[in-house]
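Thanks for coming. Please have the picture open while I talk.

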Amino acid sequence: MRETVYLLLIWLGVASALALVLFGWDKLMAKLHRRRVPEAALLGCALLGGSAGAALGMALFRHKTRKPLFRALVPLALCAHGALLALAFLWERRLLPLNIGS
């Protein structure tokens, strides 16, 4: 793998770790009746690369699983991030005929 794929993997990994922590923190705060993480922050983190962590957090903590927006956008973002990673891998291996920047 080349630099682009590595950087994308690092970005998705860090964003997913952050999303997982945010979902866990929000669930804990909900149980303690304390100030919560805004839904926009949870969804934003998921959409900006943390979809794997958000999906894991939803399943692990059983959190936000009844919210239609989360049930729709998190899996959709996960598919989009997977497709982006696959495209980056194929492009780095020169298996896609993309001439970006030339």
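In α1, ten positions to look at are buried: Val5, Leu8, Leu12, Ala15, Ser16, Ala19, Phe23, Gly24, Asp26 and Met29. Before I go on, note that this is a predicted model. What covers those buried residues of α1? The cover includes α2, residues 39–61, and α3, residues 68–92.

Now the helix itself. α1 runs over residues 3–31, which is 29 residues. From its first C-alpha to its last, α1 reaches 42 Å, close to the 42 Å expected at 1.5 Å a residue. Just after α1 comes His33, which takes a positive phi of about 55 degrees.

Next, the other two helices. At what angle do α2 and α3 pack? The angle is about 75 degrees, and their axes are 8 Å apart. An angle of 65 to 115 degrees counts as roughly perpendicular, so α2 and α3 are roughly perpendicular to each other. As for the residues in the contact of α2 with α3, 15 are nonpolar, four are polar and two are charged.

On to the cysteines. A disulfide is a covalent bond between the sulfur atoms of two cysteines. How many disulfides are there in this model? The count comes to zero. Take Cys45: the nearest cysteine sulfur is that of Cys79, 18 Å away, and Cys45 is in no disulfide.

Cys79 has a relative accessible area of 56%, over the 50% cut-off, so Cys79 is exposed.

Last, the whole chain. The protein has three helices and zero strands, and from the N terminus on the order is α-α-α. The C-alpha atoms fill a box of roughly 55 × 25 × 20 Å, taken along the principal axes. The protein has 102 residues, of which 29% count as buried. Finally, consider the contacts with a separation of 6 or more: residues 24 or more positions apart account for 71% of them.

That is the end of my part.

How values were computed
Residues are numbered from 1 along each chain as its sequence is written. This is a predicted model: local features need pLDDT of at least 70, side-chain atom pairs count only at pLDDT 80 or more; totals for chains, interfaces and linings use all residues. Side-chain values use heavy atoms; hydrogens and water are left out. Helices (H or I, at least four residues) and strands (E, at least two) are DSSP runs, numbered from the N terminus. The expected span of a helix is 1.5 Å times one less than its number of residues. Buried means under 20% relative accessible area, exposed over 50%, partly exposed in between (1.4 Å probe, protein chains only). Contact means heavy atoms within 4.5 Å. A disulfide is a pair of cysteine sulfur atoms within 2.5 Å. Axes are lines fitted to C-alpha atoms, for helices over the stretch in contact, and angles run from 0 to 180 degrees between N-to-C directions. Angles under 35 degrees count as roughly parallel, over 145 as roughly antiparallel, 65 to 115 as roughly perpendicular and the rest as oblique. Ala, Val, Leu, Ile, Met, Phe, Trp, Tyr, Cys and Pro count as nonpolar, Asp, Glu, Lys and Arg as charged, and the others, Gly among them, as polar.
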